[in-house]
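This briefing looks at aromatic rings and their neighbours. A pair of aromatic rings is described by the distance of the centres and the angle of the planes.

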Amino acid sequence: MIGTGDPGKENRISRLRHELKRLHISCCEAAMSTKKLTSEDYNDYSSTENSPDHDHVSSSPDISSSSPDNFGNYQRLNERTGTTPIETLIHLLKGNIGTGLLSLPLAVKNAGIVLGPISLIIIGVVAVHCMRLLVKCSHYLSAKLQKPYLDYGSVVMYSLEECPNLWLQKHSSVGRILVEFFLILTQLGFCCVYFVFLADNIKQVVDVANATNNNCNQNVTTLESDSMDSRLYMLSFLPFIILLVYIRNLKYLAPFSLLANLAMCVSLVLIYWYIFTSATYTNDLPPVADWKSYAMFFGTAIFAFEGIGVVLPLENKLEDPRKFPVILYAGMAIVAMLYLTLGVMGYIRFGGEIEGSITLNLPACWLYQSVKILYSFGIFITYAVQFFVAAEIIVPVFVAKVPECWELWVNLAVRTVLVIITCVLAILIPRLAIVITLVGSISSSTLALIIPPLLEIATYYSEGISRWKIAKDIVISVVGFVGFVAGTYVSIEELVFYTVPLTNITAGNHR
């Protein structure tokens, strides 16, 4: 009859359209991936979805791994060789240890000496759980869709296509766009933090250069009253960082990245040595802080634990993905131990005088001034690695719109503009603690806490996910959203209603 339809036929047509859409996207992705992988061979990792090389293709998939319970039995489609477990562990540690680690003593201060460590452990456990959820969903969808690997954005997109809600299926591409937006926001936010970190640390080294000696027992830092504005230091770093990001292939940065990692490791050893060998400790510390300070703690802590962007690139490169859960848990256990010990002991050592980076509290002797210089060198090189993520998403959009003869110039121009934007934002917010909290609250909480639990619900809902898992995932996402709102609100309030003389941002008596 006219005006009526066969529901079964309509469902079959809907499924057919769905499969045609998926096939079209897969073909486009394959073409883009082949073009990208034939142009560069990446030997480094950052918070980007680096894909495995196509010359490793040879084997067959294990379709049985599409079961929700076969997380540990997953065998990647068409993958034969890759990184070893030790190499993957090293990259995992590298992707999670940076400026966030140095800001954790201030984070513990914002939460309280009792509540801070407990909250750090809880956030760490939840963050690692969310990493596991992301990898689990990636395994499930990769096996089900016959794909060798999926990046974060693709996992979200295909997950929405698999969920029973027709509206979400229709707008599944929005999920990928959302993830890429927050990846760009996170990475450029990291770059803003690096500008402030470099300016604060080098400024302090220069300001006390005349008073610096070899006596590390006299741990009082005195700054010159006519010291140069920290914003001028940021501007002085700008041309060097622009030249650095003109290196478009990360493999050419590999030697410098290795030196940067060694410099940061030596710096951390010296920082721990000073904290544990120093004789003075502050005992009268508040056990619990107020809610506004705790919101600042949340932003800083999740900024430090936001290593979820490196999880899938590392898992995609691992020669045996079944070993990745063990590597993930072992690596993040080491990271959590470093975070907890430095956060707690750093706060106990310096008390209420703790700065946005613990390096700013070190004494004015050449040994510990070298810590600031070495760590600043590491952060300088790391800028290029983190910037690479945003550039790989943004630059091709502009390059695709110009003739081939202009591609290089447009590529360099876009990179220059992006670096200038991060510098300008850092100049506008030249307070390290606030920048870290703001970036952590807005983007890190979204990628690390809000999206992964919802991803599990969307991926496994049609397979019959249990109610307690749904409840657990909703609770995690809601907590992440509350932290997002509270941390963002408090950070913006601090920026609007609190001002300090910018020429003395790092000034003060450092014990």
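In this predicted model, Tyr-368 has a relative accessibility of 4%, and because buried means under 20%, Tyr-368 counts as buried. Tyr-274, at 5% relative accessibility, counts as buried by that cut-off too. The structure holds 12 aromatic pairs, and Tyr-274 and Tyr-368 form one of them.

**The pair of Tyr-274 and Tyr-368**
- The rings of Tyr-274 and Tyr-368 lie 5.0 Å apart, centre to centre, with 65 degrees between their planes, and the pair is edge-to-face because planes over 60 degrees apart are counted that way.
- This pair links distant parts of the chain, since Tyr-274 belongs to helix α10 (residues 254-277) and Tyr-368 belongs to helix α14 (residues 366-399), with the two residues 94 residues apart.

**A pair inside helix α14**
- Tyr-383 and Phe-387 form a stacked aromatic pair, with 6.1 Å from centre to centre and 15 degrees between the planes.
- Both residues of this pair, Tyr-383 and Phe-387, lie in helix α14, where they are four residues apart, or about one turn of the helix.
- Buried is also the description that applies to both Tyr-383 and Phe-387.
- Phe-195 joins the picture as well, as ring pairs link Phe-195, Tyr-383 and Phe-387 into a cluster.

**A charge over a ring**
- Arg-349 places its charged end over the ring of Phe-350, at 4.9 Å from the centre of that ring.

Notes: Residues are numbered from 1 along each chain as its sequence is written. This is a predicted model: local features need pLDDT of at least 70, side-chain atom pairs count only at pLDDT 80 or more; totals for chains, interfaces and linings use all residues. Side-chain values use heavy atoms; hydrogens and water are left out. Rings of Phe, Tyr and Trp (its six-membered ring) pair if their centres lie within 6.5 Å; planes under 30 degrees apart count as stacked, over 60 as edge-to-face and the rest as tilted. Buried means under 20% relative accessible area, exposed over 50%, partly exposed in between (1.4 Å probe, protein chains only). A charge sits over a ring if NZ of Lys or CZ of Arg is within 6 Å of the ring centre and within 35 degrees of the ring normal.
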